[in-house]
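Subject: Structure handover

Hi,

My notes on what was found in it follow below.

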Amino acid sequence: MSTPDTPFDQQVADLRPYLMKFARLQLRNEAWAEDAVSETLLAALARPQSFERRSQLKTWLVGILKHKVVDALRHHGREVCVGDDTEDAREDPLEHMAFKADGHFAEAPADWGNPEQDLDSRQFMAVLEACTERLPAVQGRLFLMREWLELSTDEICKELALTPTNLYVLLHRARLRLRECLEQNWFARTQRP
């Protein structure tokens, strides 16, 4: 565990496992993830003065890694296997549990309290990360591309040869699963006496 007295290069190296986890989840290819993280670490170590301490080191490195992941996706675009996973191809039972036939919620969503305060919580982020990792591979990847890498719908569809409709369905399923996971593992827990 790094401390403020730990040398910069050691602090960067200590964050490598976290960066690898992020890159693996997004790229679904060990070699590509390793390359993206290595390039991120090299960029950070080559220009340590660029880290102006306006954010945490982890946040700064993830920002660099996002760009490396996008570059890898563009470079390896057609090599990525995104076909219909059997889990993603069949109908999602969560949709029937969450909504009535008229499209309204079957059960009102739980009160999520103050989301802005929760986003600042490290525990919440750990639960969100765990929930994201539990998503089916394609859903998790698309969710991260859209929400973390902030790629546009057009960019994602072009990169992965998806139709916008297919993308929206997969993102909808991912969000339903995340909602269910967060309600079970975070919001329900925080509402107990």
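**Two loop residues**

Ala161 is exposed, with a relative accessible area of 57% (buried means under 20%, exposed over 50%, partly exposed in between, with a 1.4 Å probe and protein chains only). Ala161 sits in the loop between helix 10 and helix 11. Its phi is near 55°, a positive value in a residue other than glycine. Glu150 is exposed too, at 63% relative accessible area. Glu150 belongs to the loop between helix 9 and helix 10. Phi of Glu150 is near 60°, again positive in a residue that is not glycine.

**Conventions**

This is a predicted model: local features need pLDDT of at least 70, side-chain atom pairs count only at pLDDT 80 or more, and totals for chains, interfaces and linings use all residues. Residues are numbered from 1 along each chain as its sequence is written, and side-chain values use heavy atoms, with hydrogens and water left out. Helices are DSSP runs (H or I, at least four residues), numbered from the N terminus.

**Helix packing**

Two packed helices are described by the angle between their axes and the distance between the axes. Axes are lines fitted to C-alpha atoms, over the stretch in contact for helices, and angles run from 0 to 180 degrees between N-to-C directions.

Take helix 9 (residues 137–147) and helix 10 (residues 153–160). They pack at an angle of about 140°, with axes 10 Å apart. Helix 9 and helix 10 are therefore oblique to each other (under 35 degrees is roughly parallel, over 145 roughly antiparallel, 65 to 115 roughly perpendicular, the rest oblique). Helix 9 contributes Arg141, Leu142, Met145 and Arg146 to the contact, and helix 10 contributes Thr153, Ile156 and Leu160 (contact means heavy atoms within 4.5 Å). By class, this contact of helix 9 with helix 10 has four nonpolar, one polar and two charged residues (Ala, Val, Leu, Ile, Met, Phe, Trp, Tyr, Cys and Pro count as nonpolar, Asp, Glu, Lys and Arg as charged, the others, Gly among them, as polar).

Now helix 2 and helix 9. Their axes come within 8 Å and cross at roughly 110°. Helix 2 and helix 9 are therefore roughly perpendicular to each other. Leu25, Gln26 and Leu27 of helix 2 meet Arg141, Leu144 and Met145 of helix 9. The classes here are four nonpolar, one polar and one charged.

**The core**

Which residues touch the most other members of the largest nonpolar core? Leu61 and Leu142 do, in a core of 49 residues (a set of buried Ala, Val, Leu, Ile, Met, Phe, Trp, Tyr and Cys residues joined through side-chain atoms within 4.5 Å). Helices that each supply at least two residues of this core include helix 1 (8–14), helix 3 (30–46) and helix 11 (164–191). The largest share, 10 residues, comes from helix 4. Not counting residues up to four places away in sequence, Leu61 touches Val12, Leu15, Leu19, Thr40 and Ala44.

Ala13 is in helix 1. At 41% relative accessibility, Ala13 counts as partly exposed. Ala13 and Leu41 are 28 residues apart in sequence and 7.6 Å apart in space, C-alpha to C-alpha.

Ala130 is in helix 8 (residues 122–134). Ala130 is partly exposed, at 28% relative accessibility. From Ala130 to Leu178 there are 48 residues in sequence and 9.7 Å in space, C-alpha to C-alpha.

Best wishes
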